[in-house]
Amino acid sequence: MRRLLAFIARWPTERALRVACWIGLLALALMIAGVVLGTPLAVVASMSVAQGLGVLACLLFGVSIAADGAARRGGGK
Amino acid sequence: MGSVGTPIGAAAVLTALAAASLLIHHIVVRPKLAGTTRLKLLLGLAVLPFIAAVTTTASGMQRTTEREFCGSCHVMETHLTDLVDPTSLSLAARHSRNPMMGPHACYTCHADYGMLGYPMTKLKGMSHVYYYYLGGYRNWDLRRFHAEVRVAKPFPNANCKQCHSGTLSSFSNVREHLGMQEELESNRVSCASAGCHGVAHRFSKRPEEL
């Protein structure tokens, strides 16, 4: 538990969110490419790699919001 | 030549673009992490991408049943040209002229039916993409492909019977069908074989296979 708190306290929220945005953009670009191009590799990538990246971006977002919330609560005391 | 023109494809692209604009805004403007910023990020990183992923997958599943998709790797070109040739008499071509299944002719014949047919067909299709790009077929010429590549497992008669139930008199009045019930049931004789309805793709066979 203490380790988790330490991890969250050191979490670089702003930077992590920007990284999440870039990863999210890459995922969305792959999805759009799959639908627009419709070629085998693009379609396969849009249903696999793109979704993995999307989940990663979403996880980064979740951790960042949690870390931010924890930091605010900690700072308010 | 993709699926942007279909409703589901358009929905996928529009939600993805909406999410992307929120993300670009965040990267460029670098706003403070206030309530509205969080809400925008929730939309741009979770809600909209989720919708985009679902619609992209639906559109991709649809796309992978189209005959142009199947014909887009060069080793499948002749299969597609024969199929769409209005003068071709091959069994495959004769199954591609009605508007209901014609545009998806490869898939409707080659998809295995049954409960797990749909996902298993898609998974096996993935292995074809793998063989093509990493297994070397990409560098094969058509002559070698036609000479060496055959169906991985005998084409199941059950696939034909998905449409041709075999219960009407036009089927059961045929003497050959009656005499071969057992062989047809057990797949020992294929409906699409020499002497019966002929192979589906004639051009890819050696003369002794026809």
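These are my notebook entries on a few spots I looked up in this predicted model.

**Ground rules**

I'm working with a predicted model, so local features need pLDDT of at least 70 and side-chain atom pairs count only at pLDDT 80 or more, while totals for chains, interfaces and linings use all residues. Residues are numbered from 1 along each chain as its sequence is written, chains are lettered from A and ligands numbered from 1 in the order in which they are written, and side-chain values use heavy atoms, with hydrogens and water left out.

**Entry: a nonpolar patch on chain B**

I started on the surface. Leu39(B), Leu42(B), Leu43(B), Val47(B), Phe50(B), Ile51(B) and Val54(B) make up a nonpolar patch there, and together they have about 600 Å² of accessible area. My note on patches: members have over 30% relative accessible area and no salt bridge, with like charges joined within 9 Å and nonpolar side chains (Val, Leu, Ile, Met, Phe, Trp, Tyr) within 5 Å. The areas come from the Shrake-Rupley method with a 1.4 Å probe, and for residues only the protein chains shown count as cover.

I picked out Val47(B), which sits in helix H2 (residues 35–63) of chain B. Helices here are DSSP runs (H or I, at least four residues; strands are E, at least two), numbered from the N terminus. Val47(B) counts as partly exposed because its relative accessibility is 36%; buried means under 20%, exposed over 50%, and partly exposed in between (1.4 Å probe, protein chains only).

**Entry: the second largest pocket**

Which residues line the second largest pocket? I found Met31(A), Ala50(A), Gln51(A), Gly54(A), Val55(A) and Cys58(A) from chain A, along with Leu45(B), Ala46(B), Pro49(B), Phe50(B) and Ala53(B) from chain B. Helix H4 (49–76) of chain A and H2 of chain B are the elements that give two or more residues to this lining. Phe50(B) is in my patch list too.

For the terms, I use a 1 Å grid over the protein atoms alone: a cavity is a set of points where a 1.4 Å probe fits but cannot get out, a pocket is an open set with protein on both sides within 12 Å along at least five of seven lines, and lining residues have an atom within 4 Å of a point. Grid points are joined across faces, edges and corners, and a volume is the space filled by probe spheres set on the points.

**Entry: closed spaces**

How many cavities of 30 Å³ or more are there? I get three by this rule. The largest cavity has a volume of about 40 Å³. Its lining is Leu22(B), His25(B), His26(B), Pro31(B), Thr37(B), Lys40(B) and Leu41(B), and helix H1 (7–29) and H2 of chain B are the elements that give two or more of these residues. That lining divides into three nonpolar, three polar and one charged.

**Entry: salt bridges**

Side chains of opposite charge can pair when their charged atoms come close. The structure holds 12 salt bridges over all chains, each being a side-chain nitrogen of Lys or Arg within 4 Å of a carboxyl oxygen of Asp or Glu.

I looked at Asp112(B) with Lys124(B), where the closest N and O atoms are 3.1 Å apart. Asp112(B) lies in the loop between H6 and helix H7 (117–134) of chain B and Lys124(B) in helix H7, so the pair ties together parts 12 residues apart in sequence. Asp112(B) is buried at 18% relative accessibility, and Lys124(B) is partly exposed at 38%.

Next came a network of salt bridges linking Arg150(B), Arg206(B), Glu208(B) and Glu209(B). Arg206(B) pairs with Glu208(B) at 3.4 Å between the closest N and O atoms, and with Glu209(B) at 3.9 Å. Glu208(B) is exposed, at 62%, while Arg206(B) is partly exposed at 39%.

**Entry: positive phi**

Arg30(B) is not a glycine, yet its phi is positive, at about 50 degrees. Arg30(B) sits in the loop between H1 and H2 of chain B and is exposed, with a relative accessible area of 53%.

Notes. Nonpolar A, V, L, I, M, F, W, Y, C, P; charged D, E, K, R; others polar.
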